[in-house]
Amino acid sequence: MRCVRLASEIDLEGWRAAARGLLAEGSPPSNTCFLTRAAPGGLFEDEAPPSPVPPGSSLSVPRAFLDLAQQVALHRSEDRFDLLYRLLWRLQRERTLLHIVSDRDVADAMERAKNVSRAAHKMKAFVRFRRIEEAGGERWIAWFEPAHRVLERTAPFFQRRFTTMRWTILTPDGTADWDGEHLTFGPPATKDQAPEGDDVEDFWKTYYASTFNPARLKTKMMQSEMPRRYWANLPEASLIPGMIREAEARLGTMVATPASPANARLMRAIAPVVVRPEPVSAPDSLAALNGAAQGCRRCPLWRDATQAVCGKGPREAPLMIVGEQPGDQEDLAGEPFVGPAGQVLDTALAEADLDRTAAWVTNAVKHFKHEPRGRRRLHRTPDAGEVEACRWWLDAERALVKPRLIVTLGATAALGVLGRKIAVTKERGRPVQLDDGTPVLPTVHPSYLLRLPDAATREVERARFVEDLKAAKALVETV
Ligand code: URA
């Protein structure tokens, strides 16, 4: 058996390097295994590192596999890296393997990726900080036991959300620490290192009790949203059994009692506390811009959004692609176009032979505008005032990236970039110039394609979208 030992439980980089070497050696998955530092080695295992990859040999891997691997690597299953190697090996011969969702390995990897993604969402929702006073002032500490190894992946979310606080998240996998300037990761912790309850904990309990609606009690759904495995560390969870027991009695009282106004002090106390002064002049780096946008109060959309989602891509990308606003998944992930519209965009870009990772992908509006509908958050189109308010950020991004061409997706993006409304279906595919000479190529939004009910029309419109992107490729190569 050919085995490679990785540097940590989540050492995807180490796995990638080793996997390349093992592929070059021709080591089949049935004879290959990956161990992590903690795992004991077997008696007959050959633990030598793989031979170096011969110069000039290239390995092409679909981007979708890299995205999948990033998730699967964080799964707690012992054979996660073996599964990834098996997929990688098969992908060399079966190029479209990842499209076959009924394939056992593909389905298995997707299921694990889903579990990891769910664990990350739960971590964002269920980390509860407790306040301690120490020499340097106040610090917030949380103990959390994630279902999978999502600490490193989720910590930047807390950094953005609680930028002005000093906080530490302790987990059995490691610790994340934010001192107001630097995010660092340390060794695993134990629960007894976390402080006991404080007055904030009482706020959580009061808040939860006051938002609990006995008329809407659905025990199964509640447990799927707040799985039992997290209860031990949630102050409010201790209330749940009692509240379920009392629900019926409370329902009767509720029906008979007139509505009372929300407790304003309590609502203020539990509202997100991070308010950063906005910069007066445009930020001088994309990282500074992203940080500053988290404090944006130029319009009310920040209130209901998880975070401001700025663009992603290389600095000085020749092509800038502008969408409307982050959707539900982008709002949680903090990255543009990672949800269903992003998948349509990715496929069309690939068909047009445009490399998404070489483009700056962003949105006209940085916060997710939505309205709650049951458990879902339904997209609402930003109005002209909100687009205008957010132009400041888009202009700042443009000034830093200095794209040679801008592609706008849909009417809101065109409004944000051009500053005027256009009829996208009439003006699509024809470049117009901004005052500074930058060409702008408008086209439709990928969600428009997703909404078309008829498959034949959808295919025609998709082909037109790809044609527009091909025009963008030709243009960006000539300007
Ligand atoms: N739609 C957009 O316009 N932008 C995103 O980032 C996602 C969906």
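Mentor: Gladly! Let us begin with a definition: a salt bridge is a side-chain nitrogen of Lys or Arg within 4 Å of a carboxyl oxygen of Asp or Glu. This is a predicted model, where local features need pLDDT of at least 70, side-chain atom pairs count only at pLDDT 80 or more, and totals for chains, interfaces and linings use all residues. Residues are numbered from 1 along each chain as its sequence is written, and side-chain values use heavy atoms, leaving out hydrogens and water.

Trainee: How many salt bridges does the count come to by this rule?

Mentor: Side chains of opposite charge can pair when their charged atoms come close. Applying the rule gives a count of 35 salt bridges.

Trainee: Which residue meets arginine 80 in a salt bridge?

Mentor: Arginine 80 is in helix α3 (residues 80–93), while its partner is in the loop between β1 (2–5) and α1 (12–25), 71 residues apart. Helices (H or I, at least four residues) and strands (E, at least two) are DSSP runs, numbered from the N terminus. The N to O distance is 2.8 Å, and the partner is glutamate 9.

Trainee: Is arginine 80 buried or exposed?

Mentor: Buried means under 20% relative accessible area, exposed over 50%, and partly exposed in between (1.4 Å probe, protein chains only). Arginine 80 has 2% relative accessibility, so the residue counts as buried.

Trainee: What is the closest N and O distance between glutamate 335 and lysine 312?

Mentor: Glutamate 335 lies in the loop between α11 (328–333) and α12 (340–351), and lysine 312 in the loop between α10 (286–293) and β8 (319–323), so the pair ties together parts 23 residues apart in sequence. Glutamate 335 counts as partly exposed because its relative accessibility is 29%. The closest N and O atoms of this salt bridge are 3.2 Å apart.

Trainee: How far apart are the end C-alpha atoms of helix α4 (residues 104–126)?

Mentor: The expected span of a helix is 1.5 Å times one less than its number of residues. Helix α4 has 23 residues, so it should span 33 Å. The model agrees with this, as the end C-alpha atoms are 32 Å apart.
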